[in-house]
Amino acid sequence: MTRIFLNGREIEVAADTTVLRAALDNGVYVPYFCWHPRLSVAGNCRICMVEVEGKGLDIACNMPVSEGMKVLTDSDEVRAARKAMMQFLTLNHPVDCGICDKAGECTLQDYHFAYNGAPSISAEPKVRATKFHDLGDRILIDNERCIVCSRCVRFTHEVSRSKALGIQGRGDTSLVRCEEGRRFDDPYSDNVIDLCPVGALLSRSFLYKARVWFLEATPSVCPGCARGCAIRIWHLRADRRLQRLDPRRNLEIARVTPLDDPAVNGPWICNKGRDLAAIFERPRADQAMLRGRPVPLAEAISEARRLVDGAKRRTALVSSWGSDGELAAFRDHLAARFDVRVKPDHVPQPGEIVEDDILIRADKNPNTRGARALFGERPVAFEPGTDLVLVWGEGFDYSRVPAGAKVVLLGSYLAPENGAADVFLPISVQTERDGSYTNSDGIARRFEACFPPGETIAHAADLFAAIGGRP
C-alpha cells in the first residue's frame, strides 16, 4: 500500500493505482471525459488536472501514486486550469443542448456549468464539421459535438476488437471515422453511444424519440441469450403518459442500456439487447380461446383444468423463457402430473451471431439452466399414448403433437397455433412481471415489471396454480 495525502486527508491506496482512481475510490470526484475504468488511459481531454506539491498541475488519470504524495483536486489553480480547458473544449462545440439527444445526461453540459459557466472568449467563428455522418446502420456521428476523447475508438480496439473506428486528421480537423471502405457493423456498436460523453455518437433508433428527463429506467435482465446481461429498460414516466388513440404507445420501450454488473456483463451489452422492443412489442395475444373461439379467461382455465384432470398420459413442454418463480410454480402445482421436458423458445436466427468470447452465448434463452435444474435435460419427446400436451411459450413444432392429443397452450403473441389449440391462455411477458433468471454460469439476477399486463392477460405462475387446483 502507498500513503498519499488527498486534499490534506491521509489515505492508503494500492501501489499500482493512479491519482484519479485513488480519488474516486475515496469519495473525491475528479472530472474526466476520456478516462473510462474499462479502457486504456488516453490522457487527451486534460480536464482531470490536479495539483501535486512540488510538481504543479498534471492529469490525474495517468499519474501513478507515490509515497507521501500531496494532491489537491480543487485548488484555485486546478479550477482555473479546468475552466481554461472547458473554454478550449467548447471552442468549436455547437452547445446545442436544446436539440441534442444527450441533453440531461451529458458530462460536457455538466462540466460547463460546474467549471466554466462563461461565454466563449474566442473572437473567431467556430470551425464547422460534418453533421450526422453515417457510420453504419445503427450509428451516426455529429462531428461538431465530438471532442475526440477517443473512447469509441479504444472500445472497438480493446473490447469489441473489431477495430472499426479510428481518427483521421489532426487538431480541429480531427474526425472519428470508420476504416476506409468499412461500415460500423460491430455487434457491440451501440456501446459507443453510452461511452460518448458529449452526444456526438447517436443512435438512429432513439434519435429525437424522447427527452431523457421524461423517461425512467427499470432494472431488468436481457433475455436474448443465456448470458443474461443486466440492463435498464427505459420508458415514459407514468406522469408523462398522454391521451392517445392507441394508449399502448404509452407503454413502449424507448431504449435499452446496460446496467453495470461486474459478475455478468460489466458495463456492456450486445446490440441484440438494445433491440428488445422488437421482441416484446410484437402483436400480442390477449384473448383466451377454446379451439379458436374467444371465451372469458375463467372459462378457458376451467376447460384446461378439466383436460388435465381427464387425461391419462400428459406431457408438458416448459419454457426456457420462464422465470425462476414461474418454473417453481409449475413444479409445485403441475409437474407431478406431467412428463416434463424443457424446450428452447428461441434458436439462433439466420445472420445472427451464434456465440463469441465476449458476451454472446449460443443458447438464445435466458433461463435454460434454471429450467433444467428443476426438470432435467431430456429432449422434447412424447411417450406412447400421450393424450394431452401442455405447451408453455414459443419454439415448438406443432406437427410433432401425437395424433389425437389435446393441446393446452400458454402464449403471449399472435400465432396460428393459438386458434388451433384446444385451450389457449394469454400470458404476460417479462416487462409485465417481476422475477429472476439463472444464467448459463448459474448466476441469478432479478428483473422488475415496467408495465401493467392487460386485463385479459394472466401471469403464468397464477395459471399453473389455478389449473393445478391449488390457488
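**Partly exposed loops and a covered strand**

Guide: Asparagine 7 is partly exposed in this predicted model, with a relative accessible area of 37%.

Visitor: Why is asparagine 7 called partly exposed?

Guide: Buried means under 20%, and exposed means over 50%. Asparagine 7 has 37%. That value falls in between, so the label is partly exposed.

Visitor: Where does asparagine 7 lie?

Guide: In the loop between strand E1 (2-6) and strand E2 (9-13). Its phi is positive, about 55°, although asparagine 7 is not a glycine.

Visitor: What makes arginine 161 count as partly exposed?

Guide: Its relative accessibility is 44%. Arginine 161 lies in the loop between helix H4 (151-158) and strand E8 (165-168). Its phi is positive too, about 65°, and arginine 161 is not a glycine.

Visitor: Why is strand E19 called mostly covered?

Guide: Strand E19 spans residues 406-411. Five of its six residues are buried. Buried means under 20% relative accessible area.

Visitor: How do you know that E18 and E19 pair?

Guide: Pairing takes at least two bridges. Strand E18 (residues 388-392) and E19 have five, so they pair. The sense is parallel. Valine 391 stands opposite leucine 409 in E19.

Visitor: What makes E19 and E20 a pair?

Guide: The cut-off is again at least two bridges. E19 and strand E20 (residues 423-426) have four, so they pair, in the parallel sense. Leucine 410 stands opposite leucine 425 in E20.

Key: Residues are numbered from 1 along each chain as its sequence is written. This is a predicted model: local features need pLDDT of at least 70, side-chain atom pairs count only at pLDDT 80 or more; totals for chains, interfaces and linings use all residues. Side-chain values use heavy atoms; hydrogens and water are left out. Buried means under 20% relative accessible area, exposed over 50%, partly exposed in between (1.4 Å probe, protein chains only). Helices (H or I, at least four residues) and strands (E, at least two) are DSSP runs, numbered from the N terminus.
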